[in-house]
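Good morning, and thank you for coming.

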Amino acid sequence: MSESSSPEITEAAPRVGLRQWIDDRFPFSSLWSAHLTEYYAPKNLNFWYYFGSLAIFVLAIQIVSGIFLAMHYKPDSALAFGSVELIMRDVDWGWLIRYIHSTGASAFFIVIYMHIFRGFLYGSYRRPRELVWIVGCLIFLALMAEAFFGYLLPWGQMSFWGAQVIVNLFSAIPGIGPDLALWIRGDYVVGDATLNRFYAFHIVAIPLLLVAIVGAHIIALHQVGSNNPDGIEIKANKDERGNPRDGITFHPYYTVHDLFGVSVFLMVFCAVLFFAPTFGGYFLEHNNFMPADPLKTPPHIAPVWYFTPFYSMLRATTSNSVHIWMVVLGAAALRGAWRARRRPLRAALLAAGTAWLLWALATLDAKFWGVVVMGGAVLSLFALPWLDRSAVKSMRYRPRWHLALLLGFVCAFVVLGWFGISPPSPMGYWISVSCTFVYFGFFWLMPWWSRLGRCRPVPERLVYRPH
């Protein structure tokens, strides 16, 4: 074959540039496009949507500050408190790092609580975002575990006795309780073994889990798209290019938008950090500036403020409140049996099950039911997507009294938090019992009350006012 007739062999022009070199080995550009430049978010997101990005920002603050604290902290019961004092007094900028971490813990829960409230307000747990909500609840559980394990590490009076009280609660679980409490402590008392395992969970296990769940939360969110104040699915109305008509790309619009929220947050955060880092004893308790003494119990033991609503429910669960629960459950069961009277087998099973439950309520230790109530308060969040039966998602188009119920629920939660941090009193006990019933009633009566009332028509397009 002659040289002229041989097929011409040409080499492709070499690809140049660092970005292309990375893309050949890692899908950086496709990830950037899928989650930022080509991810369309509703264009009417308001103030309440700052808190999602703020949660990621505070998580980064906590991880970075925690790494620097771990460089100087000693997870030893004889040295832990002294190492914290060393960080505060002798390490360069150690006081700032410690206060960033302690203030950041409270800021994290404030941001998360506001983020959860936005979900309640606009129905962000409704279809097709059930999985987004469930993964978010898992983040909340992991965050509570992270805060609990980290609470013991300063080895102060309140840290030691708070951990002692919470761990002892597990011993109230029938059958496995004592062994479970022993396994958590690693010893028969809260001591060096407990501190070491709590340290390992706080700096390694839970942060890794938390970062993984946050990643899953973002991926699940971007799969179905962000909710909006109107509760309208923007993917249902697309232009000729397949892009939502009521959406805008997340980057650069919402990245700049969220930078403004981060700037305001940093101003408030720094104001607290430099002028009131203990926040009057709410962010850092005064008793925690004294070393742990197993022989001296503080006059009033209470957890940090972000746990106090659930702690208040625990304290409110006594034999008296258990009897009230028995009456409420018995009345509900009688109503159900009466409605099922035409089905004798179903009515008999309902009556037998109720009788067994009431017997269990009456015979088991009230401390165990306190643990059940405290855990049920968190687990109720997981059931929310299936409890809400309203015809619309957003509170904007529901009856006004639905919003009033939500605000009443929030007020009950705040009141529980206040009485959880206050010394026990008869008035506080009965108010806490009442607010506990309001809390659970909001959730478990939702299939009934969410269908009542007349909803206003939901517009076909987003209601958007440029600003």
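W155 is buried, at a relative accessible area of 7%; here buried means under 20% relative accessible area, exposed means over 50%, and partly exposed lies in between, with a 1.4 Å probe and protein chains only. This tryptophan, W155, has a positive phi of about 55° although it is not a glycine. W155 sits in the loop between α6 and α7 (157-169). Helices are DSSP runs of H or I with at least four residues, strands are runs of E with at least two, and both are numbered from the N terminus.

A word on the source. The model is predicted, so local features need pLDDT of at least 70 and side-chain atom pairs count only at pLDDT 80 or more, while totals for chains, interfaces and linings use all residues. Residues are numbered from 1 along each chain as its sequence is written, and side-chain values use heavy atoms, with hydrogens and water left out.

F279 also carries a positive phi, of about 50°, although it is not a glycine. F279 belongs to the loop between α10 and α11, and with a relative accessible area of 39% it is partly exposed.

Next, the cis peptide bonds. One joins R127 and P128, with omega about 10°; P128 lies in the loop between α5 and α6 (130-151). The bond from H251 to P252 is also cis, with omega near 15°, and P252 is placed in helix α10 (residues 250-275).

I turn now to helix α16. Its residues, 400-421, number 22, and from first C-alpha to last the helix reaches 32 Å, close to the 32 Å expected at 1.5 Å a residue. That expected span is 1.5 Å times one less than the number of residues. Which residues of α16 are buried? They are H402, L406, F409, A412, F413, L416, G417, F419 and G420. The elements covering these buried residues include α5 (94-122), α11 (308-316), α17 (426-444) and α18 (446-449), where contact means heavy atoms within 4.5 Å.

In α18 we find W448, which counts as exposed at 55% relative accessibility. W448 and A383 are 65 residues apart in sequence, and 15 Å apart in space from C-alpha to C-alpha.

What of disulfides? A search of the whole structure finds zero, a disulfide being a pair of cysteine sulfur atoms within 2.5 Å. For C411, the closest cysteine sulfur is that of C435, 9.2 Å away, too far for a bond. C411 counts as partly exposed at 47% relative accessibility, and C270 is partly exposed as well, at 30%.

The largest cavity has a volume of about 40 Å³. On a 1 Å grid over the protein atoms alone, a cavity is a set of points where a 1.4 Å probe fits but cannot get out, and lining residues have an atom within 4 Å of a point. Grid points are joined across faces, edges and corners, and the volume is the space filled by probe spheres set on the points. The lining consists of A316, T317, S321, W325, V433, T436 and F437. Helix α17 gives the largest share of that lining, three residues. The lining divides into four nonpolar, three polar and no charged residues; Ala, Val, Leu, Ile, Met, Phe, Trp, Tyr, Cys and Pro count as nonpolar, Asp, Glu, Lys and Arg as charged, and the others, Gly among them, as polar.

How values were computed. On a 1 Å grid over the protein atoms alone, a cavity is a set of points where a 1.4 Å probe fits but cannot get out, and a pocket is an open set with protein on both sides within 12 Å along at least five of seven lines; lining residues have an atom within 4 Å of a point.
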